[in-house]
Amino acid sequence: MFHCDVVDIKEISLDKAQTFIESQKCGASLFFIGTVRDHNNEKEVTGITYDSHDIMVKKSFEEIYNEAIKKLDLQHPAAFVEHAKGYVPLGGISIIIAVACKHRKQVYDFSRFIIEEIKKRTPIWKKEHYKNEEAKWLDGQKLEVKK
Amino acid sequence: MKIKVELFGVCRELSDKDYINLELDENSKIKDLRNEMIKIVKNKFPENSNYLEMVKKSAFSSKDEIVEDAYKLHRNDTISIIPPIGGG
């Protein structure tokens with residue numbers, strides 16, 4: 001069971017994530033929440049603007065979910081992944097990854113796999129805003145062509 | 001032929017719009033599009049090599065698929081430039 005989307009910060013909701021993943025077949029659920037912190041590279045951060053290639057992002061989320069199902073030993077897996085798009089202020093939620101499975105080891109593996117793969121291959125970009133400096137797009141990781 | 005290039009991430013700084021329209025020769029490939037983008041960057045940011053490096057490292061996509069430098073373009077194609085990524 002899987003849900004993913006790219007949404008405005010006003011639409012990101014832990015309640016929605018919890019409702020989606022809850023199941024009496026699962027004894028473990030785990031919420032990973034990425035938030036905007038107040039510093040990066042010794043600069044005072046006030047917010048981040050997230051840019052996204054929405055179609056490719058959703059495709060990437062679906063591929064990551066399907067790979068996790070194949071590679072990890074998961075029972076009754078459910079996952080909810082939403083990433084914010086646009087300006088997210090300090091402390092705001094940039095991403096929610098909510099997962100549920102039968103046992104606790106499975107949810108830790110599942111959640112970790114999803115966030116690490118998103119970092120490697122999902123086309124999302126960050127522009128950091130600073131207190132006393134001009135905003136800057138952060139360096140990223142080159143996206144490789146699949147052979 | 002006309003090709004529309006959708007801009008993302010740092011490449012949004014290349015235009016006030018979300019895209020750039022390029023005029024390329026018939027039978028052009030992604031590598032030709034990349035070279036055209038490099039020319040635009042050199043013209044717009046002659047003093048800043050970061051943008052040049054960014055375009056060199058960028059991938060390109062057609063719809064939801066990443067395409068290689070040898071991918072053949074067609075008239076009125078829409079291609080996205082995918083600079084190095086960093087979400088989460």
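Predicted model: local features only at pLDDT ≥ 70, side-chain atom pairs only at ≥ 80, totals over all residues.
Me: Which parts of the chain does the pair K16(A) and E82(A) link?

Reply: Helices (H or I, at least four residues) and strands (E, at least two) are DSSP runs, numbered from the N terminus. K16(A) lies in helix α1 (residues 14–21) and E82(A) in strand β5 (residues 78–89) of chain A, 66 residues apart. Their closest N and O atoms are 3.2 Å apart.

Me: Is E82(A) buried or exposed?

Reply: Buried means under 20% relative accessible area, exposed over 50%, and partly exposed in between (1.4 Å probe, protein chains only). E82(A) has 1% relative accessibility and therefore counts as buried, whereas K16(A), at 37%, is partly exposed.

Me: Which residues of chain A are linked in a network of salt bridges?

Reply: The network joins E67(A), K71(A), E117(A), K120(A) and R121(A).

Me: What is in contact with Q106(A), leaving aside its neighbours within four places in sequence?

Reply: Contact means heavy atoms within 4.5 Å. With those neighbours set aside, Q106(A) touches D73(A), L74(A), Q75(A) and C101(A). Q106(A) is placed in helix α3 (residues 104–121) of chain A and, at 7% relative accessibility, counts as buried.

Me: How many residues of chain B are in contact with chain A, and what area do the chains bury between them?

Reply: The size of an interface is often given as the accessible area lost when the parts come together. Buried area here is the accessible area (1.4 Å probe) that two parts lose on being put together, summed over both. In this model, 24 residues of chain B contact 28 residues of chain A. The two chains bury about 2200 Å² between them, 60% of it on carbon and sulfur atoms.

Me: How many salt bridges does the rule find across the interface of chain B and chain A?

Reply: The rule finds four. One of the cross-chain pairs is D64(B) with K59(A), whose closest N and O atoms are 4.0 Å apart. Another pair is E13(B) with K127(A), at 3.2 Å. This second pair runs from the loop between β1 (2–6) and β2 (19–23) of chain B to strand β7 (residues 124–130) of chain A. E13(B) counts as partly exposed, at 29% relative accessibility.

Me: How many helices and strands are there in chain B, and in what order do the elements run?

Reply: Chain B has two helices and five strands, in the order β-β-α-α-β-β-β from the N terminus. The radius of gyration, taken over C-alpha atoms, is compared with the globule rule, 2.2 Å times the number of residues to the power 0.38. For chain B the radius is 12 Å, close to the 12 Å that the rule gives for 88 residues, so the chain is as compact as a globular protein of that length. Buried residues make up 45% of its 88 residues.

Methods:
Residues numbered from 1 in each chain as written. Chains lettered and ligands numbered in written order. Heavy atoms only, no water. Salt bridge = Lys/Arg side-chain N within 4 Å of Asp/Glu carboxyl O.
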